[in-house]
Amino acid sequence: MSEAPGRITPLEELVSAFEFEVMAKRKLDSLTHALVQAASRKPFERITLRPRVMVNTTKLDLTLELFGQRHFAPILIGPVSELKRFHPERELAMARGAAAAKALLVVSDHASSPLEQIAPLCTAGFWYQVYADTDPARTRKAVAAGAKAVVVTLTSGGMDWAAIDRLRVGVQAPVVLKGIMSADEARMAVGKGLGGIVVSNYVDGPSDGLAHPLEVLPAIAEAVAGKIPVLMDGGLQRGADMLKALALGASAVLIARPAVWGLAGYGADGVQRITEMLQTELARDMAMCGKPNLKVVDRSVVRVHKW
Amino acid sequence: MNRRESLRALGAFLAGSPLLSDLLPGQQDVVRDHSRVPGLKELLTAFDFETVAYAKQPREAYDYRAYGAEGEFTLRRNREAFDWVELIPKRVSSGAMDTSTEVLGTKMAFPLLVSPTAGHGEIHPEGELATHKGASAASGTPMILSNNTSFPFDKVAAAAPGPMWVQLYPKQQLDANRTYLEAAQMNGARAVVVTVDQQVSYYERALHDRNLNPGRGGGFRSAAGRVSTNSNPYRVGDNRLWYEWKFFDEIRPFVKVPLIAKGIVTPEDAKLCLEHGVDCVYVSNHGGRSLDYGPATLEVLPEIVDAVGGKAPVIFDSGIRRGTDILKALALGANAVCLGRVPLWGLGSFGAAGVQRVLEILQAELVQAMRYTGRTNLASIDRRMLLTNFP
């Protein structure tokens, strides 16, 4: 970037998610920025797209249905706790930005704003994210407030299938397990009647040496065989990254860090803009691969190179 | 020394002082700011021409041609792919060197053409006229004239005797294609190249340099994807999304010369070309300017050649800078290769003479590479002369 250091570029001049990260870095103190530092590009650079020509893609349509709700695009905004760390308008700005971009927001149970204030702003819908030890009453309250699904983030250890069963008692919404990285656990989730899974390698600590979700996604998608939605997150920063995930079997993807970059730099407007930018990139890449809608996106869109 | 002379001496001293030049920004310092543009004879490889061309043309004209789509993964990969292929030297060969060939009825001394590129007038006052003169002088290298040329086909054709093909971006109004193609064929176009890629293009790096070229590409707003003239709600420009294979069937009646599809990077599309009466498959990713994260053209060339199975010639571009690059593409099955940026570097640096020289350098490098590998004609070039290690 040919900018003076420290300058915050006008929002309408930013051209990629990477530029949003630079702006977020200028706004945040270094420890806070480190929490949302951009992920490695390597997992995505091992896969190339396969452009196709002479396919009419005039009627580009990225919509999809998840748990009975129609979505504008397969890009949802993932859960991030305590957004007051990134912007004074916290979850309220995040919710407004997501809604303006017609994207669903997954609201963290550890939010810095009350759910009663966040929920009405989520006009494109919201899900609610909890942990195994979250008070079940809070989960039920979120569903009563309109959460269309409950996302349970799996942490390392201390969780068994019985605990997951207990979590679901009295919850009148699909429960999605976030953090699945193996076909075995994915099959188990289907067998237990869970609503969906998020393939994710998120851990609360150093994640060196862990497989990337993109590597295990094909086997998981095969095991699930379309019975429940398979979502993915982890370092998606380009429309091309998202198309690769969709081609390898994801129904939709979650973005968290990019949304936080938008929030940190520009509040609600930044969240809206970066989400729209990624929607546009994905739509453009689908057009260039001759895929005008999600139903026709399949393995033929990608070539997986040596890992 | 009188008073006037001493003041003059002091003035001269101050003018040469680095302190003053710091106080007066923009003032040239004869020592620190010394620069010299090399002469044509000093340039020995295609790469040498790029820096000279860069120095001699407006920055935005250079940027527009240099940059690739989005994050330029594919632009980089196009070059990287040549490192995945190695030539096996062979010491014994027989016969005199003959690099001549014929592609789609056009005879050429070397299996080399000038790719269609837009707006040569932006980088040299004589524009495509100079490019054609230079290409023609380089053993009659054929030139494919861009649909977005700065000079009309008849003027460029009249500027030099070398063969010319014409490139078309499909127009939704069928008659617009007819008018354009009939005029070009009347003026001597020996083949028609239809560009089918770049349905949506997005040059991000030119926009990064926002302080340098605020006007390019319709400004930041359109770049930021807020244009809403679209048939879709995702802010994707839709002026080329209508393309369909039947376009080739529709324009065939008014194309009396060979018809080529440019921008093919999959075997599936290569086969569809043949099904729709296309006479030649042009493997290209628009020099890394079409879909970012698409493959390098070299890594998909073998499977496309296999899919075409000799039923049509295959030509190739995107990333060629050296004679060895040409030989690698030929060995993987291309009948000829095209050069986009390389002749533009020649044009931008020394006009027609630069185009001629840079093409002759690549021709000489090709001959040398063929000698090293024991090949004296194009028919003897095949995959057995290579070690390939595509990822």
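**Reading the model**

Modeller: A:Asp285 is buried, because 28 other C-beta atoms lie within 10 Å. A residue is buried if 20 or more other C-beta atoms lie within 10 Å of its own, exposed if 12 or fewer, and partly exposed in between, with C-beta atoms placed from the backbone. This is a predicted model, in which local features need pLDDT of at least 70 and side-chain atom pairs count only at pLDDT 80 or more, while totals for chains, interfaces and linings use all residues. Residues are numbered from 1 along each chain as its sequence is written, and chains are lettered from A and ligands numbered from 1 in the order in which they are written.

Biologist: With which residues is A:Asp285 in contact, leaving aside its neighbours within four places in sequence?

Modeller: Two residues are in contact if their C-beta atoms, placed from the backbone, lie within 7 Å. For A:Asp285 the partners are A:Leu49, A:Gly239, A:Ala240, A:Leu243 and, from chain B, B:Leu291. A:Asp285 itself sits in helix 11 of chain A. Helices (H or I, at least four residues) and strands (E, at least two) are DSSP runs, numbered from the N terminus.

Biologist: How is a pair of packed helices described?

Modeller: By the angle between their axes and the distance between the axes. Axes are lines fitted to C-alpha atoms, for helices over the stretch in contact, and angles run from 0 to 180 degrees between N-to-C directions. Here helix 10 (residues 239–247) and helix 11 (residues 257–288), both of chain A, pack at about 60° with axes 7 Å apart. The two helices are therefore oblique to each other; angles under 35 degrees count as roughly parallel, over 145 as roughly antiparallel, 65 to 115 as roughly perpendicular and the rest as oblique.

Biologist: Which residues of helix 10 and helix 11 of chain A meet?

Modeller: From helix 10 of chain A, A:Gly239, A:Ala240, A:Met242 and A:Leu243 meet A:Leu278, A:Glu281, A:Leu282, A:Arg284, A:Asp285 and A:Met286 of helix 11. By class, this contact has six nonpolar, one polar and three charged residues. Ala, Val, Leu, Ile, Met, Phe, Trp, Tyr, Cys and Pro count as nonpolar, Asp, Glu, Lys and Arg as charged, and the others, Gly among them, as polar.

Biologist: Now strands. In which sense do strand 4 and strand 11 of chain A pair?

Modeller: Two strands pair if DSSP finds at least two bridges between them. Strand 4 (residues 75–77) pairs with strand 11 of chain A in the parallel sense, over three bridges, and A:Leu76 stands opposite A:Leu254. Strand 10 (residues 230–232) of chain A also pairs with strand 11 in the parallel sense, over two bridges, with A:Met232 and A:Val253 as bridge partners. In strand 11 (residues 252–255), A:Ala252 and A:Leu254 point one way and A:Val253 and A:Ile255 the other, and all are buried.

Biologist: How many bridges join strand 8 and strand 9 of chain B?

Modeller: Four, and these strands run parallel. B:Ile264 has B:Val283 of strand 9 as its bridge partner. Both faces of strand 9 (residues 280–283) of chain B are covered, with B:Cys280 and B:Tyr282 buried on one side and B:Val281 and B:Val283 on the other.

Biologist: How many residues of chain B are in contact with chain A?

Modeller: 41 residues of chain B are in contact with 33 of chain A. The chain B side divides into 21 nonpolar, ten polar and ten charged residues.
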